[in-house]
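This report describes the domain arrangement and the ligand surroundings of one protein model. Please view the sequence and the structure together while reading.

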Amino acid sequence: MSADPTLTKTLFIKTYGCQMNVYDSARMADVLAPLGYAQAAAPEGADLVILNTCHIREKAAEKVYSELGRIRALKQAKAARGETMLIAVAGCVAQAEGEEMLRRAPQVDLVFGPQSYHRLPDLLSRAEAGEGGQVELGFPIEDKFDSLPEESLEQGPSAFLTVQEGCDKFCSFCVVPYTRGAEFSRPVADILAEAERRVAVGALELTLLGQNVNAYHGSGPAGASWGLGRLIRRLAELPGLARIRYTTSHPRDLDDELIAAHRDLPSLMPYLHLPVQAGSDRILAAMNRRHGADDYRRAVERLRRARPDIALSSDFIVGFPGEDDRDFAETLRLVTDVGFAQAYSFKYSARPGTPAAKLPDQVPEPVKAERLAQLQSLLDAQQAAFNQASVGRRLEVLLERRGRAAGQLVGRSPAMQAVHVAAPESLFGRLVEVEITAAHPNSLAGRLLDGDAGLRAAAPQEAERACA
Ligand code: 5AD
Ligand code: SF4
């Protein structure tokens, strides 16, 4: 929240889904600040409520409609006091539902897709002028980045930076190519300028975001096309930037340049989220993944040769149409072969408009549930073993949020493990050295190494982390 007296209206944004939505929500706040909107912590009484939605998995639209029901009551309460509340739905559900959203939820004033939020001021002024429901679903991505204001200076030690948007892969289960549109990479110069600004206001860590981030191919100086590896190599030269991460990647786009970046750059963290989705070649082909299980195993080998301590994470889908017991056993085998530090796994859910939704042989719900439980117990055991192996080690931790207990700060290890440590408030936003004393299923506990010896780098200022 800002105390700026020129901010006269209040804005509440609820963000669903991925980190790109977190980044987009922050940028929406940036677009709206010049119009006098300050962010509020709750929707009650807000002048503008934005739901920034996610459509990737089941019941996304239904959840948004039920949230809209709750917000309608707040809008009515405000109207009874003679005041107005505008309601906007943004993000991928908005993109997928479009006009339908205004029909089903007439309390909504604005519906706009992920590529249209730079047009918010215009849409808002039309809605305020009583022009009825405004719907904006275009895909002019270049316009979006060109016409956004510079990002706000409120941010913490770890910041997101969108470098790429959209996806051309068309995995047969996935809505992203339809809701986010075709791949687009921001030019190198724009990314470097944003990175410099973020570092100048206190970011020690940058996470480069993109739906298919390692497909990045932005235009560099003199018109050359730069891949993600080259971009990261350049970013690693920025003074003060201690850590670089990127997400989410596709195994097909893991090129030699990116692997070499993992080999050569200490600030590129030894952690990679590389979704494989399934371990059966038959299912991977039906998913239109364009890689087999052995391609994935080879990619992991190349990565581990370059950076032996790299921790791997993945996404899995169980119960894709036609998946039988043998296919599922192949997924378990792949997990056993690779060994993951952590992972996300989901039951397949048919997304309207995607090719897989029309496939025969949809897998019954109880079978999906059983497979998910089996897969998750294997993945949980791998994560527990990975965390356990950290006990007794010294890890560098970026203290980026306050813990639930008083006097506790929480940060991330290089491999993205959450680490809880008793530490004075003055170390918030710092990179410190921690000895790990205990491992839990989803986190570690540690002891701050003595005094300044544990201090690796100083953040220029203390700032609230802008991202979740
Ligand atoms: N059903 C289940 N999981 C899905 N994902 C994407 N689409 C679906 C779907 N239709 C998962 C994939 C992806 C992650 C972000 O969400 O595993 O990598
Ligand atoms: Fe969706 Fe990722 Fe496949 Fe693109 S690569 S279609 S974002 S699952």
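How many nonpolar, polar and charged residues does the shell around ligand 2 have? By class, this shell has seven nonpolar, one polar and two charged residues, where Ala, Val, Leu, Ile, Met, Phe, Trp, Tyr, Cys and Pro count as nonpolar, Asp, Glu, Lys and Arg as charged, and the others, Gly among them, as polar. The residues around ligand 2 are Cys167, Lys169, Phe170, Cys171, Phe173, Cys174, Val176, Pro177, His250 and Arg289; a residue is listed if one of its heavy atoms lies within 4 Å of the molecule.

This is a predicted model, in which local features need pLDDT of at least 70 and side-chain atom pairs count only at pLDDT 80 or more, while totals for chains, interfaces and linings use all residues. Residues are numbered from 1 along each chain as its sequence is written, chains are lettered from A and ligands numbered from 1 in the order in which they are written, and side-chain values use heavy atoms, with hydrogens and water left out.

**Ligand 1**

Around ligand 1 are Ile56, Arg57, Phe173, Gln277, Asp315, Ile317, Phe346, Lys347, Tyr348, Ser349 and Arg351.

| Residue and its atom | Ligand 1 atom | Distance |
|---|---|---|
| Arg57, side-chain N or O | oxygen | 2.6 Å |
| Gln277, polar side-chain atom | oxygen | 2.6 Å |
| Ser349, backbone N or O | nitrogen | 2.8 Å |

**Domains**

The protein is divided into domain 1 (5-139), domain 2 (144-388) and domain 3 (394-467), with bounds from an automatic or database domain assignment. The C-alpha centres of domain 2 and domain 3 lie 25 Å apart. Their contact (heavy atoms within 4.5 Å) takes 21 residues from domain 2 and 27 residues from domain 3.

Between them, domain 2 and domain 3 bury about 1,800 Å², 62% of it on carbon and sulfur atoms; buried area is the accessible area (1.4 Å probe) that two parts lose on being put together, summed over both. Leu204, Arg243 and Asn387 supply 30% of the area that domain 2 buries against domain 3, more than any other three residues.

Technical notes
A polar contact is a pair of N or O atoms within 3.5 Å; within protein, one must be able to donate a hydrogen and the other to accept it, and residues adjacent in sequence count only if both atoms are side-chain atoms.
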